[in-house]
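Take a walk through this structure, one piece at a time. Keep the sequence and the 3D view side by side.

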Amino acid sequence: MAELKINALRKSYGDIEILKGIDLHIRDHEFVVFVGPSGCGKSTLLRSIAGLEEVTSGQIVLGGRDITGLKPAERDLAMVFQSYALYPHMNVRKNMSFALELAGVDKATIEAKVKDAARILELTHLLDRKPKDLSGGQRQRVAIGRAIVRHPQVFLFDEPLSNLDAALRVQMRLELARLHHELNATMIYVTHDQVEAMTLADRVVVMNQGRIEQVGTPLELYHHPVNQFVAGFIGTPKMAFIPARVIGGQGHELTIQLPSGEHLTLPRSPDSIHVGAEVTLGIRPEHMRIVSPENANLTGQLDVTEHLGSDTYCHVNIDGGHTLTVRQGGDYEGRFGEIVGVDFDLSRAHLFDSEGNALDSVTRQAA
Amino acid sequence: MTIQSCDLNASVVPMPVSNENSAASAHSKAQRVARWLVSPSVLVLLLWMIVPLSMTIYFSVLQYSLLYPGEHPFVGLENYEFFLTDEGFSAGMSNTLILVGAVLAITVVLGVAISVLINTPFPGRGIVRVMLISPFFIMPTVSALVWKNLLMHPVSGVFAWLAQVMGMEPVDWFAQYPLSAIILIVAWQWLPFAILLLMTAMQSLDKEQVEAAKLDGAGGWAIFRHITLPHLARPIAVVVMIETIFLLSVFAEIFTTTGGGPGYETTNLAYLIYSQALLQFDVGMASAGGLIAVVLANIVAFFLVRLIGKSLTEKH
C-alpha cells in the first residue's frame with residue numbers, strides 16, 4: 001500500500017513560511033501533479049516528502065508508517081531530479097545499480113533488475129555509456145531507470161522535463177504516462193507547466209503561496225475552479241476576468257452589470273450575495289464567440305488575431321481597458337481595428353466574489 | 001531535386017570562394033605579421049633556455065673547480081661518474097623521493113579531508129578559510145625558521161613545552177627525526193595550496209547528485225567514496241602534478257634548518273647540487289648533477305603525465 005497522507009505540514013526558513021499547513025491525501029497508484037507558479041512551495045513540498053528538507057511541523061504518513069523524521073533512504077521512495085543528477089563517473093548500468101549495491105542486494109538480482117528497467121526504458125544498448133555521452137532524453141530515462149530499479153512505493157519527479165526541448169518534452173510526457181500504467185505505481189510530479197499537469201495527472205494539486213488552492217481531476221479544475229487563482233492558472237489562453245456588480249437576483253438567476261453598462265443574467269443562486277456587491281466575471285476563450293456587433297453581449301475593437309491553424313485567438317479590447325481573448329475557428333479572418341461583438345456562453349461562465357472565491361453555479365449544485 | 005540543388009550550389013559557390021581567397025590571403029598576411037612580432041620574444045626565450053643549458057652541458061664535461069683556477073681540462077663523463085657514485089647521490093635521490101611522496105600524501109589526504117569539512121556552512125567559515133590559506137603566503141625561509149626556532153626547538157620550542165607539560169621528554173626534531181621535521185614544514189606550507197584547489201572544486205559539486213545518492217541509500221562515507229572523491233579526482237591530479245614540480249626542488253627549508261645534515265639525512269638532489277657547487281666549489285660536478293636532476297625530473301614528469309594526465313584531458 002503506497003498511500004501517502006500529509007497532515008498540517010508546515011515548513012519555514014527563519015521567519016519566512018514556505019508551506020503554510022498542507023493537508024493532502026494521495027491514494028495508491030495515483031498520479032498526482034503539484035502545479036503552481038514558481039515560489040509557491042511545490043518543490044519544497046516534494047523535497048519534504050523525499051526527506052531532503054526537514055519540516056517544521058506536521059506529519060507525513062506513507063502506507064500507514066510515519067516517515068516524517070526518517071532519513072531519505074529509509075522512506076522507500078525514489079526521486080527524479082530536474083538536473084537528472086546522474087553520477088558522472090559511473091556508466092548507465094552502475095548509475096542504475098548503485099542503490100541496489102549499497103543495499104547489499106546480490107549480483108544476479110541486481111543484473112536482472114537493471115536489465116528489466118533498461119528494457120522498459122529502451123536503454124539496453126546504452127548500458128555501458130557514461131552520462132556525458134548521452135542525449136538529454138536518454139539521461140532523463142536513465143534518471144527514471146535509477147528510480148525504477150528500486151521498486152519504491154512512491155516515485156517523485158521534480159520538474160523532470162523542463163531541461164528538454166519542446167518536441168522531446170511531448171514525447172517524454174507520453175512515455176511517463178505509459179510508464180505510470182506499466183508500473184502501476186504512485187507518482188508525485190512537480191511542474192510549473194499546466195499542460196504537463198493536465199495531461200499527466202489523475203489529480204492535480206494547485207498550489208499558491210504555500211497553500212493548496214484546489215485538489216481535483218484536471219477536468220474538475222477546468223470546469224469548476226474554486227477560486228479566481230485556479231481559474232486563471234488552468235487553461236491556455238487564460239480565462240478572461242471582467243469586474244462587474246450585482247444588480248439583482250431572482251430565483252436561480254443573478255443579474256450583473258459590466259463596466260460598459262451591459263446587463264448579463266447568470267444561472268446563480270442570489271442567496272449568498274447581496275445587490276451591489278462587487279464580483280468578477282470569468283470566462284474562457286472557448287466559451288466566447290465573435291458575432292456581429294448588433295445584439296451581442298458586448299462590443300469591442302478587434303486587436304491582434306493569432307492564427308494557429310486549428311484555432312484563431314482574437315484579442316478584443318473592450319471598455320474599461322480590458323482585453324478578452326476569444327477562441328475562434330481556424331478559418332476566422334478578422335480585420336485589425338474592426339468593431340466586433342462578443343457573445344458569452346453564460347452557462348459556462350464563472351463568477352467570483354470580491355474575495356476571489358467562486359460562486360457555485362446552480363447547475364453544479366444540482367449535479 | 002538533386003540536380004536542382006547541384007545547380008543551386010554551382011551558382012552560389014563562386015562567390016564564397018573568391019571571398020575565401022581574399023580572406024585566406026589576408027589571413028596569411030596577418031599570420032606573417034604576427035610571426036614577425038612574436039619572433040623577438042621567442043628568440044629571447046630560446047636564448048634564455050639554450051644558453052644556460054649548453055653552458056651547463058659544457059661545464060659538466062670539464063674538470064672545473066673554483067679552488068684551482070687556471071686550466072679546465074676536458075674529462076669526458078668523469079663528473080657524471082663521480083656524481084652518481086658519490087655516497088650523497090643515493091641518499092639525495094631517496095630523500096628527494098621520500099620528501100615528495102610524503103608531502104604529497106599529507107597534503108592530499110589532509111587537503112581532501114579539510115576541504116570536505118569546511119564545505120558545510122558554519123559560523124566563521126570565511127575567517128577559517130582565510131586562515132587555512134594563509135601559510136601559503138609566508139616565505140619558505142621564514143616559515144622554516146619559525147618552525148625551527150619557535151616550534152621544534154628542543155629547549156625553547158612550543159612542542160618541547162607541550163611535551164614537558166604532558167610529562168614527556170622533549171623531542172630534538174632536527175637531530176632525531178630530521179627528514180620528518182622537514183617533511184612536516186614543507187607539508188604545512190603546501191597544504192594551503194591543496195586546500196585552495198580542492199575547496200573550490202567542492203563548491204562545484206552538484207547538490208542534486210548528493211541528494212540523489214542520499215535517496216539511493218548512501219550514508220556519509222558512501223557519498224564521500226562514490227560521489228565526492230570521483231568528483232575531486234581531477235583537482236587532486238592537478239595538485240599532485242603542480243606540487244611534484246615544486247617539491248622536487250625544495251631547498252630553502254633544508255638550507256635554513258638542517259643544512260642537509262646530519263650527514264646526508266636531509267640532503268635532497270637540489271641541496272646536493274648546491275653543496276657540490278658552492279660548498280665544494282666543484283662547478284663541473286655540480287653541472288653534471290644538475291643535468292642528472294633535470295633528467296630525473298623529466299622521468300618523474302613523464303610517469304606523472306602518463307598516470308594522471310589522461311584524467312585531465314578527459315572531458316566531463
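How many residues of chain B are in contact with chain A? The model is a predicted one, and in it 14 residues of chain B are in contact with 17 residues of chain A. Two helices of chain B each supply at least two residues of the side that touches chain A: helix 10 (207-215) and helix 11 (220-247). Helix 10 of chain B gives the most to that side, with six residues. By type, the residues of this side of chain B are six nonpolar, five charged and three polar.

Now turn to the sheet of chain A. Four strands form it, in the order 2-1-4-5. The sheet is open, and the pairing is antiparallel. Strand 2 (16-26) and strand 5 (65-66) of chain A are the edges, and each pairs on one side only. Strand 1 of chain A covers residues 4-13, and eight bridges join it to strand 2 of chain A. Here Tyr13(A) stands opposite Ile16(A) of strand 2.

A helix packs on this sheet: helix 1 of chain A, residues 42-50. Helix 1 touches strand 1, strand 2 and strand 4 (57-62) of chain A. Its direction makes about 65 degrees with that of strand 2 of chain A.

Chain B has a helix pair to look at. Helix 5 (residues 125-133) and helix 9 (residues 178-203) of chain B pack with their axes 8 Å apart, at an angle of about 135 degrees. Because of that angle, helix 5 of chain B is oblique to helix 9 of chain B. Helix 5 of chain B brings Arg129(B), Leu132(B) and Ile133(B) to the contact, while helix 9 of chain B brings Pro192(B), Ile195(B), Leu196(B) and Met199(B). Six residues of this contact are nonpolar, one is charged and none is polar.

Conventions:
Residues numbered from 1 in each chain as written. Chains lettered and ligands numbered in written order. Predicted model: local features only at pLDDT ≥ 70, side-chain atom pairs only at ≥ 80, totals over all residues. Contact = placed C-beta atoms within 7 Å. Nonpolar A, V, L, I, M, F, W, Y, C, P; charged D, E, K, R; others polar. Pairing = 2+ DSSP bridges. Axes fitted to C-alpha atoms, helices over the stretch in contact; angles between N-to-C directions. Parallel < 35°, antiparallel > 145°, perpendicular 65-115°, else oblique.
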